[in-house]
Amino acid sequence: MTLSEAVDVGLCAHPQVQGAWAAIKVQAAALGEARAVYLPTVNASVSRVSDRTSFPGSNLEATSLRDNAKSIGMSWRLFDFGGRAASNKSASDLLNAALASHDATLQKTLETLVGAYFDAHTALAVWQAKLKGEELARTTLETAQRKQHRGAGTQSDTLQATTALAKAALDRSRALGEYRKAMAMLVYALGLPAETQFELAPDLADDHHDMSRDLDAWLVQARHQHPAIVASRAQVAAAQEKEKTIRSEGLPSLDVTGNMYRNGRPNQGIPAVNTIEKVVALTVNIPIFDGFANRYKVRGAQAQIEQQQAKLLETTHQVLAGVVEAHADAQSALDNLESSRLLLQAAENALASVQRKFDRGASDILEILSTQAALADAQQQRIRCLAEWRSARLRLLAASGELGRQDIAKQD
């Protein structure tokens, strides 16, 4: 399984991503509802009416009428001092906020999935290094035993080599346990059944071209495009439009209505003859006094604007602080990456040289065991530096709001 495949599998099943997508649908429906107020509303009704009239104490006969009463009415708001426009803009801003929140959820989920994948890869690399260390210790023991049989070595050398092999086997066993644990955590992060088994793709390249930008460029990018900041900024805009909508409720509005009634109005008696009544009205609604309710609503909306602005400042501060920390970690990890490569190369060359001397009897067991330990440490440092670089690089991409599917594809 490659990194791209792991991300695809994880995103398809992650509940937070599904919830964020559902939130987008909710806000899209709310935007449609806000746009609907620009259109007229039409209502029609049909009723079957039975009307019986009697005259107690009189010689007049009772009358009975049965007929269908029908009506249709239309209402259309023509002017409202910007209330509908503000409500529509608020709904649009909330939809943008939901979209940005969805992107933020994707970023967070990607960071979690990629982290779990890299942890598994690191554990695999450690296990493979311990396997090589065990093979090397076994080779050293076999050489020590051959030298002892020829009389060129001592039993002490053989025992020390045996001890080194036992320690290497223990380290390999522990590394295998950590690898299995990391794979189990990766399976869980991907949302797959616990018994799912798969192999990781070959190791990833340590590309580091992203560090060509300085810290200021990363900060500017995060401030403009990080999903969390974009979502918070849209929330502020939505709160401002909401305040305009509430304020317009205390201002006059203009409506036009039209109705047509056949055989009387609804819930009224039927006339003696068929009738058709048409009514057209132009109505100006002027709020005069509502117990200061609208004033308090406006104050509440203004307080919500201040609250959203404070959240925007807090979110911006947290994001930029994360960028500064991630940039420093990535720069340090990149510097360590080259140093670890040189260290590993030197340790490999040293071991090759000592092995040749040991095979010719020009070196003792302590020197070769010490060189093997140095190589094992160099391998461990190299693996650690690679893991730190990958983690820091992707944390920097995520902190700046740049981590996306295309960046994951570059890793494969």
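In this predicted model, Gln308 touches Ser232, Gln235, Val236 and Ala239, not counting residues up to four places away in sequence. Gln308 itself lies in helix H7. Its relative accessibility is 15%. Because buried means under 20% relative accessible area, Gln308 counts as buried.

Helix H7 also packs against helix H6. Two packed helices are described by the angle between their axes and the distance between the axes. For H6 and H7 the angle is about 170 degrees, and the axes are 9 Å apart. Angles over 145 degrees count as roughly antiparallel, so H6 is roughly antiparallel to H7. By class, the residues of this contact divide into 10 nonpolar, 10 polar and 5 charged.

Helix H6 has a further contact, with helix H5. Here the axes are 6 Å apart and the packing angle is about 40 degrees, which makes H5 oblique to H6. On the H5 side, the residues that meet H6 are Ala222, Arg223, His224 and Gln225. On the H6 side they are Pro227, Ile229, Val230 and Arg233. The contact of H5 with H6 has 4 nonpolar, 2 polar and 2 charged residues.

The next topic is the nonpolar interior. In soluble globular proteins, nonpolar side chains tend to be buried together. The largest nonpolar core of this model has 46 residues. Those with the most contacts inside this core are Tyr117, Met183, Leu186, Phe198, Leu200 and Val323. Helices H1 (3–13), H3 (83–150), H4 (155–190), H5 (215–225), H6 (227–248), H7 (293–359) and H8 (365–399) each supply at least two residues of the core. A second, separate core has 17 residues, among them Ala137, Ala144, Val354 and Leu369.

Leaving aside neighbours within four places in sequence, the contacts of Ala13 are Gln18 and Leu190. Ala13 and Leu190 are 177 residues apart in sequence, while their C-alpha atoms are 7.4 Å apart in space.

The strands remain to be described. An open sheet of 4 strands runs in the order E1-E2-E3-E4, with antiparallel pairing. E1 and strand E4 (276–285) stand at the edges, and each has a single partner strand, so one side of each is left without a neighbour in the sheet. On average, neighbouring strands of this sheet are turned by 20 degrees against each other, direction ignored.

Strand E2 pairs with both E1 and E3. Strand E1 (residues 41–53) and strand E2 (residues 63–79) are joined in the antiparallel sense over 13 bridges. Within this pairing, Arg52 has Ser64 in E2 as its bridge partner, and Ala44 stands opposite Ile72 in E2. The pairing of E2 with strand E3 (residues 253–262) is also antiparallel and covers 9 bridges. Here the bridge partner of Met74 is Gly258 in E3.

Note on methods: Residues are numbered from 1 along each chain as its sequence is written. This is a predicted model: local features need pLDDT of at least 70, side-chain atom pairs count only at pLDDT 80 or more; totals for chains, interfaces and linings use all residues. Side-chain values use heavy atoms; hydrogens and water are left out. A nonpolar core is a set of buried Ala, Val, Leu, Ile, Met, Phe, Trp, Tyr and Cys residues joined through side-chain atoms within 4.5 Å. Buried means under 20% relative accessible area, exposed over 50%, partly exposed in between (1.4 Å probe, protein chains only). Two strands pair if DSSP finds at least two bridges between them. Axes are lines fitted to C-alpha atoms, for helices over the stretch in contact, and angles run from 0 to 180 degrees between N-to-C directions. Angles under 35 degrees count as roughly parallel, over 145 as roughly antiparallel, 65 to 115 as roughly perpendicular and the rest as oblique. Contact means heavy atoms within 4.5 Å. Ala, Val, Leu, Ile, Met, Phe, Trp, Tyr, Cys and Pro count as nonpolar, Asp, Glu, Lys and Arg as charged, and the others, Gly among them, as polar.
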